[in-house]
Amino acid sequence: MQIYNTLTRRKEVFEPIEPGKIRMYVCGITVYDYCHIGHARVMVAFDVITRYLRSRGFTVTYVRNITDIDDKILKRADENGESIDSLTQRMIEAMHEDEARLGVLRPDHEPRATTYIDEIQAMIERLIEKGYAYGADNGDVYYRVRRFEGYGKLNNRDLDEMRSGVRVEVDEHKEDPLDFVLWKAAKPGETSWPSPWGEGRPGWHIECSAMSTCCLGDTFDIHGGGPDLTFPHHENEIAQSEAATGKPYVNTWMHAGAVRVDQQKMSKSLGNFFTIREVLEVHDPEVVRYLLLASHYRSPINYAPDALVEARKSLERFYNALEGVEPFEGKVEARFANRFVTAMDDDFNTPEALAALFDLARELNRAKKEMPDQAPALAFELKRLGAILGLFSHDPAAFLKTGAQGLAISETEIEVLIQARADAKKARDFSEADRIRDELAALGVVLKDSREGTTWVFEQ
């Protein structure tokens with residue numbers, strides 16, 4: 001198995017620290033608002049990675065944190081006139097609802113920053129003792145970036161480049177403009193905790209260093225997150241953690257690609273910002289999940305109406321193959337599973353894995369016509385492999401009818417027309433029967449005749 005490592009900028013043969021066991025940490029959500037479609041990309045990507053690793057026999061400990069104290073949280077709670085606890089709990093529950101609808105399994109551990117204050121403070125104290133951090137006269141505690149020799153290695157940047165190329169916040173309390181905050185002194189009325197440096201709260205970067213090492217150890221296998229986190233967040237995590245423990249922090253760094261909307265960066269100012277729940281009001285969750293899997297997890301993805309239509313059509317091809325077959329475990333050629341595993345072993349190449357499943361679906365369609373006794377085993381294999389990607393959980397007939405929700409004709413009216421067509425055929429009025437079929441086809445309703453009768457599906 002090979003995984004692309006952001007740290008080394010190449011694919012590497014993956015070997016866990018402890019044979020058979022994988023420890024993985026993924027940066028989670030700052031819970032001040034509803035999750036957006038970019039969050040969905042990261043959720044689904046690492047859900048599939050976890051599912052696949054477990055299918056290969058690994059015991060995976062998956063940790064995804066929750067940032068429940070932050071400037072944005074303080075600001076939003078104040079704007080709403082509600083407590084921080086009320087806001088964050090409400091957003092956490094909404095996040096869980098969103099990910100459940102997308103078929104995302106819950107992580108094994110979901111540490112919240114506010115429950116790790118003691119551990120965060122202990123790590124800051126170690127950094128001060130070792131000379132990597134210092135308290136300022138304003139009550140803040142800062143990290144000495146130039147003290148850490150490897151700073152910039154994740155992003156392949158040197159300090160002089162960062163100093164000249166990055167807009168650095170001017171702060172007279174810092175020894176160096178590149179230094180970043182570990183502990184923030186509380187402003188009047190802000191939520192805060194007592195500390196050796198006065199009342200305050202943790203900085204964002206130190207939260208993840210403390211939570212990840214407490215949950216997974218000083219060195220663990222995989223650290224993941226969104227594309228915008230490599231700098232400064234993950235760079236700072238490395239500096240903090242390795243300085244505090246004296247050990248390598250993470251062996252493999254993984255980052256999902258960005259989501260663009262109609263080829264533009266997603267932004268509230270551009271009016272192209274979509275929350276997960278807004279999207280799922282219009283589109284089937286499995287269609288959205290499929291769209292997110294149709295591109296390699298490291299590649300940028302374009303969220304657009306046409307892309308969702310194509311995702312829907314692709315899923316319909318699978319469900320059409322599964323329709324009318326009762327899956328049953330049996331002997332199937334290994335070539336489909338082998339191709340699927342080869343693709344996923346190559347840095348979780350979901351597009352190539354889906355291509356293998358399309359070949360399997362074509363074989364299933366052929367078997368339904370030519371070798372019906374083999375169809376149940378092929379359907380079972382298609383559902384088994386699809387489940388590793390979190391797909392094909394619906395009843396095929398039900399899924400194929402869900403598109404009818406947007407039609408200008410009800411299911412009852414469709415059934416009435418189907419009966420009228422049957423009556424016309426019985427009366428040998430085949431021109432009327434054809435007219436009814438064509439009328440329904442123009443509305444996206446495709447009829448399927450069999451000895452048991454006529455069924456229908458919706459096709460866009």
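Two strands count as paired if DSSP finds at least two bridges between them. The views below show a predicted model.

**View 1. Strands β11 and β12 pair in antiparallel fashion.** Strand β11 covers residues 259–261 and is joined to β12 by two bridges. Arg-260 has Lys-265 of β12 as its bridge partner.

**View 2. Three strands make an open sheet.** The strand order is β12-β11-β13, with mixed pairing. The edges belong to β12 (264–265) and β13 (301–303). Each edge strand has a single partner, so one of its sides lacks a neighbour in the sheet.

**View 3. The largest cavity has a volume of about 70 Å³.** Two cavities of 30 Å³ or more are counted in the model. Lining the largest cavity are Arg-41, Ala-45, Val-48, Ile-49, Leu-292, Leu-293, Ser-295, Tyr-297, Phe-348 and Thr-350. Helices α1 (37–55) and α9 (285–293) are the elements that give two or more residues to this lining. The most comes from α1, with four residues. Seven lining residues are nonpolar, two are polar and one is charged.

**View 4. The second largest cavity has a volume of about 30 Å³.** Its lining consists of Asp-47, Thr-50, Arg-51, Arg-54, Tyr-62, Leu-105, Arg-106 and Pro-107. Here α1 gives the most to the lining, with four residues.

Definitions and conventions
Residues numbered from 1 in each chain as written. Predicted model: local features only at pLDDT ≥ 70, side-chain atom pairs only at ≥ 80, totals over all residues. Heavy atoms only, no water. 1 Å grid on protein atoms, 1.4 Å probe; cavity = no way out; pocket = protein on both sides within 12 Å on 5 of 7 lines; lining within 4 Å. Points joined across faces, edges and corners; volume = space filled by probe spheres on them. Nonpolar A, V, L, I, M, F, W, Y, C, P; charged D, E, K, R; others polar.
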